[in-house]
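Please study the sequence and the structure shown below before reading on. The paragraphs that follow begin with a single residue and then widen the view step by step.

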Amino acid sequence: MTQPRDDTRDDAPATASKRGDAAVEALSGTIAEAQGSHILGRAVTINKPADELFAFFRDFANLPSFMENVVSIDVLDDTRSHWVVKGPIGRVEWTARVTEEQPGRLIAWTSEEGAQIPNSGRVEFKPVEGRGTVVTATILYDPPGGIVGKVIAKMFQREPGIQARRDLRRFKQLMETGEVATPAMNPKQFEEMGL
Amino acid sequence: MKALAWHGKHDVRIDNVPDPEIVNPRDCIIKVTSTAICGSDLHLYDGYIPTMKAGDVLGHEFMGEVVEVGANSTLKKGQRVVVPFTIACGSCYHCGKHQYSACPNGLPADNQDIAQELYGHEMSALFGYSHMTGGYAGGQAEYVRVPFSDVGPIVIPDGVDDDKVLFLSDILPTGWQAAEYAEIEPGDTVAVWGCGPVGLFSVQSAFLMGAARVIAIDHFPHRLELAKKFGAETINFEESSVYDALMEMTGGIGPDAVIDAVGLEAHGLFVDNVVDQIKASTFLGTDRPHSIRQAIIACRKGGRVSMPAVYGGFVDKFPLGAFMEKGLTLKTGQTHVQHYMPALLNAIMEDKIDTTFLISHRMPLEEAPKGYKMFHDQQNEVTKIVLKTGMQSAA
C-alpha cells in the first residue's frame, strides 16, 4: 500500500515523522549523495548573523571546540576532511567530502568510500528577523553494529541524536557568549571533564 | 579553601577544597565576605533535590571582593560585588528581553537534558544547587568562580554595608518581581501567603507599588510581627479561617491580587521522578499546593495571581475551574535577578527598602553546619542567617 504524500502531508519537518523510514525517504532526496539508514534532525536559534556562524562552521578545524566526541578533524583540502570520532565501541574514522555549499546558507557532505560509519547530511543557516539565525542540522547515518550498536551507543550517551543536540547547544553557547559553559573549578578539571 | 559541602540528608560539613581558578575568559574569582543560607538550601539539606553529589559546595546568595579577573571580564580587582543566583550570559535572545532566568548559555549542554525532558526547555544555571542546574560550586565558601562576570555581578559603592545589599543576590529581587507580577494598581488590596524573606519583601514592594492594603498570611507569630512592622494586616492561619477572614476584610470582594510565597524563597527544581518521594515526605502533599489553591479561591474576580513559590512537578487538584470562571491571570517564574538589581540597589541606597531587618543571626562561615540545623529547627526565630568569612566565633 503506498502512502499518499505530497498532497496530504502536514507542514511538520520530516525528521519529526513518527515513521522513521518516511523521514529517511523524504530527506534522502534533499541530500546530495545521501547515505545512511537512520536520520536525525535538530534546530537551534543562535543570536548571531548567518554569515558569521557559517564562516566559523565552514572552518572544520573549529568544530572540535564544541563537538564533544570529535577527537580530531584534519582538513585535507578545500572540500575533504578526515574525522576521528569517539564511538561507543572505540574510535571510528572517515573522510568527508563537501557535496554542496552556499556561503552563509548551507553546507552538505557525504562520507567517502570505506567510512566506518557511512554518513551524510546538511547544515542550513536561515536568518530570522530579530532573533539571529536558525541553524538546522540533518544527518543520515548507519549506526555501527546496526540497531544493537544504536542501543549500546545510547547507553553510553554517544547516541548521535543526543550528541547532535548537545553539540548544537555548545555551538550556540560558543557563538553567543564566546565560551562553552562549564562548572569546572580550574582549567585542569575542565580538561578532565571534557566539553 | 574552606567551603560548606553537602554530604547527604542533614549532613553538611566544612570541607577543605582547592581554590577555584579562572577557566573561561569572562570569569572572575571573588573572595566571599558575606553569604546567606536560603530557605531553598533547606530543601537540599532535607535531601529533596535530586542530582546532588557528595562534596557539592552550596550557597547561591553571596557577595565579596573581586580578586581575579579573566581576559574578558569588565570587573577590576578590589571591587565589591553582589552576585545574582541565576547565571545568565547577557547576549542571547532571552537575556535581550531581560528574561535572565531563561538563559540557556550558562547551563552545560549535558545538564540541559533533564529539564528539556521534563519541562520542554532547559532553564538557566544556578550557583550551588545540584547538577541539574549546572553543578556550579556555590558561595558558602571562601572563594567562588563567577562566570559571565562582565554582565552578572553588580558593583557596590564603598562604605555600604554587606548586610544592606547582600539580598540583591536573590530574595529581594524575588519579592519585588512577585509584587510586580501582581500588577498592583493604586488602592489595591494585596494578600501575601507566606512571611518568609520573599513574602516579607513582597509586602514592602507591594506598598511601594501603591497597594493601599497588604494582608500577610502565615502561622509563625514572629514572622507575622515583621510583616506588621511594614504596615501589613495579618492572618494567622492556625487561628483563623483564611478565606472567611479575607472575604470579610475586603467587603466580600476578595483581594485584588494574591501572592503565593509559601515556597519560602525556594528555587528548587523537583523532577517528576522524585515527586513520589517528595509526596511521601509530605512536601508537595501539604501546604504548598494548598496555598496556591487557597489564593486562587480567595482572589477577586478578574484579579491577578503571582506565584514566586516554586512548583517543580505536578500539582493535584489545581482549581482550574475557579481560575477560568473568575477570569484570573497568573504570572510566575524564577527571578530575572539581573533585571532588577540596579533599581533595587538605588532603592536601598535611598532607604526606600529595609533589608537588614531580616537578619536574625550572623555567624562565621565555619559554623555553617550549626546554622543549617538552627534554620531547619527554629523557623519562627531564625528568619535569616548570614555567614561571614574571617569572623571570630562568638562561642
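Predicted model: local features only at pLDDT ≥ 70, side-chain atom pairs only at ≥ 80, totals over all residues.

His10(B) is found in the loop that lies between β1 and β2 of chain B. Although His10(B) is not a glycine, its phi is positive, at about 55 degrees. For comparison with the general rule, most residues other than glycine have a negative phi. Is His10(B) buried or exposed? His10(B) counts as exposed because it has 12 C-beta neighbours inside 10 Å, and a residue is classed as exposed if the number is 12 or fewer.

Strand β1 of chain B, residues 2-8, runs antiparallel to β2(B), and six bridges join the two. Within this pairing, Ala3(B) has Asp15(B) in β2(B) as its bridge partner. In general, strands of a sheet pair through backbone hydrogen bonds. The open sheet consists of three strands of chain B in the order β2-β1-β4, with antiparallel pairing. Because β2 (11-16) and β4 (56-57) of chain B each have a single partner strand, they stand at the edges, and one side of each is left without a neighbour in the sheet. Helix α13 of chain B, residues 368-377, packs on this sheet and touches β1 and β2 of chain B. The direction of α13 makes about 165 degrees with that of β2(B).

A second residue with a positive phi is Ser130(B), which is not a glycine and has a value of about 75 degrees. Ser130(B) lies in the loop between β8 (125-126) and β9 (143-146) of chain B. Ser130(B) is buried, because 23 other C-beta atoms lie within 10 Å and the cut-off for a buried residue is 20 or more.

The view now widens to the chain. The domain assignment of chain B gives domain 1 (2-170 + 336-388) and domain 2 (171-332). The C-alpha centres of these two domains of chain B are 25 Å apart. An unreviewed UniProt entry carries the annotation "domain: Alcohol dehydrogenase-like N-terminal" for residues 25-153 of chain B. Over residues 25-153 of chain B, the chain is 15% helix and 26% strand, and the end C-alpha atoms lie 15 Å apart.

Methods: Residues numbered from 1 in each chain as written. Chains lettered and ligands numbered in written order. UniProt positions renumbered as here; feature names shortened; annotations may be inferred. Helix = DSSP H or I, 4+ residues; strand = E, 2+ residues; numbered from the N terminus. Domains from an automatic or database assignment. Pairing = 2+ DSSP bridges. Contact = placed C-beta atoms within 7 Å. Axes fitted to C-alpha atoms, helices over the stretch in contact; angles between N-to-C directions.
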